[in-house]
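User: I'd like to go through the ligand site in this one. Can you take my questions in turn?

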Amino acid sequence: MAPMGIRLSPLGVAVFCLLGLGVIYHLYSGVIASRLAALRQGKTVDLRELLALSVEAAVLGGREVKRIREENALEEKTKGKTKEGAKEMLTIGDLRSHIKMYHLIKNTFPYIKVNSEEHDHTLAAEHNVWNHVIPNEILEKIKEPKEVMADSITVWIDPLDATQEYIEDLREYVTTMVCVAVDGVPIIGVIHKPFSSFTAWAMVSGGSNVKPRKSYNEKSPEIIVSRSHAGKVTSFAQKAFGNNTKIHPAAGAGYKVLSLLDIPDESHEKADVYIHVTYIKKWDICAGNALLKALGGHMTTLKGEEIDYSGSERNDAGLLASININHKLLVEKLPDLQEST
Ligand SMILES: Nc1ncnc2c1ncn2[C@@H]1O[C@H](COP(=O)(O)O)[C@@H](OP(=O)(O)O)[C@H]1O
Ligand SMILES: [Mg+2]
Ligand SMILES: [Mg+2]
Ligand SMILES: [Mg+2]
């Protein structure tokens, strides 16, 4: 019996529920259908194919990034503010690259989850599909296909990393990035430098086209940090490693990970450790994390915890990246983030 003598008609309740279900279905039908289809069919994806596709996507996006910069057609605008109050910028380069990268991956594997930093509600979709040709360079290093369940995969795309410096025409810092996480663990990382046409790729327990440098300064490491979202990283690093610690301010999370590796680009700076203390998102860091992990290195929060690349885009526990250095010892040297920032 309903309150105040109002009688609920069973037919009315049924119609109301059906309408509600209809609205929910309308809103989420695409997502539900693709996930259910993947589950029903027990679809698998070959990670070696996904690596080749990730390289292709990063290069394709990079071409747009370069073209828009050369045409001086950036049309930069502010899309919001970071938690610390810095302007978050967006350009046509970010958008055009996103469109190429996102749709190439989605058109090829419609049933996998892809999280991109950017979105394209207003611009026409691309119908590009990958040709499934795996480059010899990858086939030579990764001899076997590796199938995983499609619904265990999360792809993270950064269509243009270092947008702020792209606007300032500091081209060397700019990269495009793709990362594939399986059950939240970063497995495939691709970092592409569009202005020098270099692409670093790696797959955990698979292979890579880059390697660590021969040596690192473990005792007095040179630290690479953000130039435009630094927060109090300098004092944080100096508390850990001493006031004479050499700090390199540089842009781009992709660029900073490459500075820890041996890459065929003499002009790329070299550092021993990468530290970030402000908020950062998973499309910025996943590819670098996978690359380092594949080569035996580490990228963790400042407390040394692994970062889970499923679910939310947030990482607010900072970042510590190193390779061929005792990472645990580095963590022990770091001060508490809350107390020192
Ligand atoms: N505090 C913060 N809040 C949001 N994004 C941040 C951030 N600090 C760094 N980032 C993002 O991380 C990337 C590398 O930053 P930095 O060059 O400062 O090291 C940039 O990505 P995008 O250029 O893709 O937006 C930047 O926007
Ligand atoms: Mg951005
Ligand atoms: Mg980025
Ligand atoms: Mg970006």
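User: Which element gives the largest share of the shell around ligand 1?

Analyst: Quick caveat: this is a predicted model, where local features need pLDDT of at least 70, side-chain atom pairs count only at pLDDT 80 or more, and totals for chains, interfaces and linings use all residues. Side-chain values use heavy atoms, with hydrogens and water left out. Elements here are DSSP runs numbered from the N terminus: helices (H or I, at least four residues) and strands (E, at least two). Contributing 3 residues, the top element is β6.

User: How many residues surround ligand 1?

Analyst: A residue counts if one of its heavy atoms lies within 4 Å. The closest are E84, S226, H229, G252 and K256, and the total is 20.

User: How far from an oxygen atom of ligand 1 is the polar side-chain atom of H229?

Analyst: For polar contacts to the ligand, think pairs of N or O atoms within 3.5 Å. E117 places a polar side-chain atom 3.0 Å from a ligand 1 oxygen, and a backbone N or O atom of G252 lies 2.7 Å from one. For H229, the value is 2.6 Å.

User: Why does ligand 1 lie between domain 1 and domain 2?

Analyst: Domain bounds come from an automatic or database domain assignment. Ligand 1 lies between them because its shell takes residues from both domain 1 (44–209) and domain 2 (212–340).

Key:
Residues are numbered from 1 along each chain as its sequence is written. Chains are lettered from A and ligands numbered from 1 in the order in which they are written. A polar contact is a pair of N or O atoms within 3.5 Å; within protein, one must be able to donate a hydrogen and the other to accept it, and residues adjacent in sequence count only if both atoms are side-chain atoms.
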